[in-house]
Amino acid sequence: QVQVVESGGGSVQTGGSLRLSCAASGRTFTNAAMGWFRQAPGNQRVFVAVMRSSTGNTYYLDSVKGRFTISGDQSKNTVALEMNGLKPEDTATYYCAMASRRNNPAHYYRSPNGYDYWGQGTQVTVSA
């Protein structure tokens with residue numbers, strides 16, 4: 001069994017910053033990618049950012065490019081999301097996820113279906 005735990009959520013004003021952290025532990029698994037998703041009430045879970053473990057390449061949701069930065073350590077199964085210039089529309093529950101299936105195209109890891117292990121989520125609230 002793999003446990004994924006996020007931390008670092010909170011409430012900030014527009015323009016503020018937060019750093020989310022995530023760590024996976026338990027059973028050994030193949031770490032193919034580490035991603036962040038978010039879900040606002042009444043909406044579907046949406047891709048935010050991913051780091052592919054084999055290359056270190058990162059990909060972002062267009063609306064967060066230049067504001068959010070994903071970083072991680074594949075060997076430790078840890079990943080972080082640095083969020084700057086936060087906007088009210090960034091308000092959501094943020095989920096960390098780990099993918100164990102390798103050799104898939106980049107778009108595969110933009111879908112929640114590409115991930116095998118999920119955290120419980122951490123709330124991020126940005127006030128105007």
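The chat below walks through a predicted model of one protein chain, from its overall build to a few single residues.

User: Before we start, what pLDDT do local features need here, and from where are residues numbered?

Analyst: This is a predicted model, in which local features need pLDDT of at least 70, side-chain atom pairs count only at pLDDT 80 or more, and totals for chains, interfaces and linings use all residues. Residues are numbered from 1 along each chain as its sequence is written, and side-chain values use heavy atoms, with hydrogens and water left out.

User: Ok, how many helices and strands are there in the protein chain?

Analyst: The protein chain has 0 helices and 11 strands, and its elements run β-β-β-β-β-β-β-β-β-β-β from the N terminus on. Both kinds of element are DSSP runs numbered from the N terminus, with helices being H or I of at least four residues and strands being E of at least two.

User: What radius of gyration does the protein chain have, and what would a compact globule have?

Analyst: With 128 residues, a compact globule would have a radius of gyration near 14 Å, and the protein chain has 14 Å, which agrees. That radius is taken over C-alpha atoms, and the globule rule is 2.2 Å times the number of residues to the power 0.38. Taken along the principal axes, the C-alpha atoms fill a box of roughly 40 × 25 × 25 Å.

User: And what share of the residues is buried?

Analyst: Buried residues make up 43% of the 128 residues, where buried means under 20% relative accessible area, exposed means over 50%, and partly exposed lies in between (1.4 Å probe, protein chains only). Among contacts with a separation of 6 or more, 58% come from residues 24 or more positions apart, a contact being heavy atoms within 4.5 Å.

User: Switching to sheets: what is the strand order in the open sheet of 4 strands?

Analyst: The order is 1-3-8-7, with antiparallel pairing; two strands pair if DSSP finds at least two bridges between them. Strand 1 (2–7) and strand 7 stand at the edges with a single partner strand each, so one side of each is left without a neighbour in the sheet. From one strand to the next, the twist averages 15°, with axes being lines fitted to C-alpha atoms (for helices over the stretch in contact) and angles running from 0 to 180 degrees between N-to-C directions.

User: Over how many bridges do strand 1 and strand 3 pair?

Analyst: Strand 1 and strand 3 (residues 18–26) pair over 6 bridges in the antiparallel sense, and Val-4 stands opposite Ala-24 in strand 3.

User: New topic, salt bridges. What is the count?

Analyst: The count comes to 5 salt bridges, under the rule that a side-chain nitrogen of Lys or Arg lies within 4 Å of a carboxyl oxygen of Asp or Glu. One of them joins the side chains of Asp-90 and Arg-38 at 2.9 Å, N to O. Asp-90 lies in the loop between strand 8 and strand 9 and Arg-38 in strand 4 (residues 33–39), so this pair ties together parts that are 52 residues apart in sequence.

User: What about Arg-101, which residue does its side chain meet in a salt bridge?

Analyst: Arg-101 meets Asp-116 at 2.7 Å, N to O. Both residues lie in the loop between strand 9 and strand 10, and the pair ties together parts that are 15 residues apart in sequence. Arg-101 is partly exposed at 33% relative accessible area, and Asp-116 is partly exposed at 30%.

User: Last one: is Asn-103 buried or exposed?

Analyst: Asn-103 is exposed, with a relative accessible area of 76%, and is found in the loop between strand 9 and strand 10. Asn-103 has a positive phi of about 60° although it is not a glycine. Asn-77, in the loop between strand 7 (68–73) and strand 8 (78–83), also has a positive phi, near 55°, but Asn-77 counts as buried at 15% relative accessibility.
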